[in-house]
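Please look through the notes below with the sequence and the structure open beside them.

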Amino acid sequence: MRKILTATMAALMATTALGAAGAASAQSRGDHRYEQRDHRQDRRDDRREFRQDQRQDRQEYRQQQRAYARWQRAERRYNAPRYAPPRGYAVRTWSYGQRMPSYYRTNAYVVNDYNRYGLRAPPRGYQYVRSGNDVVLAAVAGGLITAVIAGLFN
């Protein structure tokens, strides 16, 4: 009797273990499908976020382009009186970040009629200064150059 009881218990335990293994394997297969679906969803969300970031970058770039550009070529050329540089200075090309000497910031070189030449009003504390055929947007106080419009005059 004891042998029969032991054999029955062993058979019962074996079938229970096989049933549990089968259920676990079925569960793991089902979970695997859900994991794949979640992974695809994550990739889709990542692509959406990347596109949104690109869109925001383009918007910021357009906003920067609307602001004063550091260096631009004039679309139209205007006739102006003959240019004579300040005493001791020669005509040169200026670039963003340089400082204009105080001689250039006198009334003889400041462009006050900017509307006539198709320029926007300078920001507060800045003025347009003529240097050769170019116009430079410089700070009134220190002469720091913010923008250069090349070839505005003939």
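1. Basis of the model. This is a predicted model, in which local features need pLDDT of at least 70 and side-chain atom pairs count only at pLDDT 80 or more, while totals for chains, interfaces and linings use all residues. Residues are numbered from 1 along each chain as its sequence is written, and side-chain values use heavy atoms, with hydrogens and water left out.

2. Overall make-up. The protein chain holds 1 helix and 5 strands, and read from the N terminus these elements follow the order α-β-β-β-β-β; helices (H or I, at least four residues) and strands (E, at least two) are DSSP runs, numbered from the N terminus. Of the 154 residues in the protein chain, 23% are buried, where buried means under 20% relative accessible area, exposed over 50%, and partly exposed in between (1.4 Å probe, protein chains only).

3. Negative patch. Which residues form a negative surface patch? The patch is made up of E35, D38, D42, D46, E49, D53, D57 and E60. A patch takes residues with over 30% relative accessible area and no salt bridge, and joins like charges within 9 Å, or nonpolar side chains (Val, Leu, Ile, Met, Phe, Trp, Tyr) within 5 Å. Asp and Glu count as negative and Lys and Arg as positive, with His and the chain ends not counted, and each charge is placed at NZ of Lys, CZ of Arg, CG of Asp or CD of Glu. The accessible areas come from the Shrake-Rupley method with a 1.4 Å probe, and for residues only the protein chains shown count as cover. One of the members, D53, sits in helix α1 (residues 2-66) and is partly exposed because its relative accessibility is 42%.

4. Positive patch. A positive surface patch is formed by R37, R40, R43, R44, R47, R51, R55, R58 and R62. Among these residues, R62 belongs to helix α1, and with a relative accessible area of 43% R62 is partly exposed.

5. Salt bridges. How many salt bridges does a search of the whole structure find? The search finds 2 salt bridges, each being a side-chain nitrogen of Lys or Arg within 4 Å of a carboxyl oxygen of Asp or Glu. One of them joins R48 to D45, with the closest N and O atoms 3.4 Å apart; R48 and D45 are 3 residues apart in helix α1, so about one helical turn separates them. R48 is partly exposed at 45% relative accessibility, and D45 is partly exposed at 28%. The side chains of R116 and D113 also meet in a salt bridge, at 3.3 Å from N to O; here R116 is exposed, its relative accessible area being 55%, whereas D113 is partly exposed at 34%.

6. Aromatic pairs. The rings of Phe, Tyr and Trp (its six-membered ring) pair if their centres lie within 6.5 Å, and planes under 30 degrees apart count as stacked, over 60 as edge-to-face and the rest as tilted. By this rule there are 8 aromatic pairs. The rings of Y78 and Y117 form an edge-to-face pair, because their centres are 5.4 Å apart and their planes stand at 80°. Y78 lies in the loop between β1 (71-73) and β2 (110-111) and Y117 in the loop between β2 and β3 (126-131), so this pair ties together parts that are 39 residues apart in sequence. Y78 is buried at a relative accessible area of 14%, and Y117 is buried at 7%.

7. Aromatic cluster. Y104 and Y109 make a tilted pair, because their ring centres are 5.7 Å apart and their planes are at 55°, and both residues are buried. Ring pairs link Y104 and Y109 with Y83, Y89, W94 and Y103 into a cluster.

8. Contacts across the chain. N133 is placed in the loop between β3 and β4 (134-139) and is partly exposed at 34% relative accessibility. N133 and R77 are 56 residues apart in sequence, and from C-alpha to C-alpha they are 9.2 Å apart in space.
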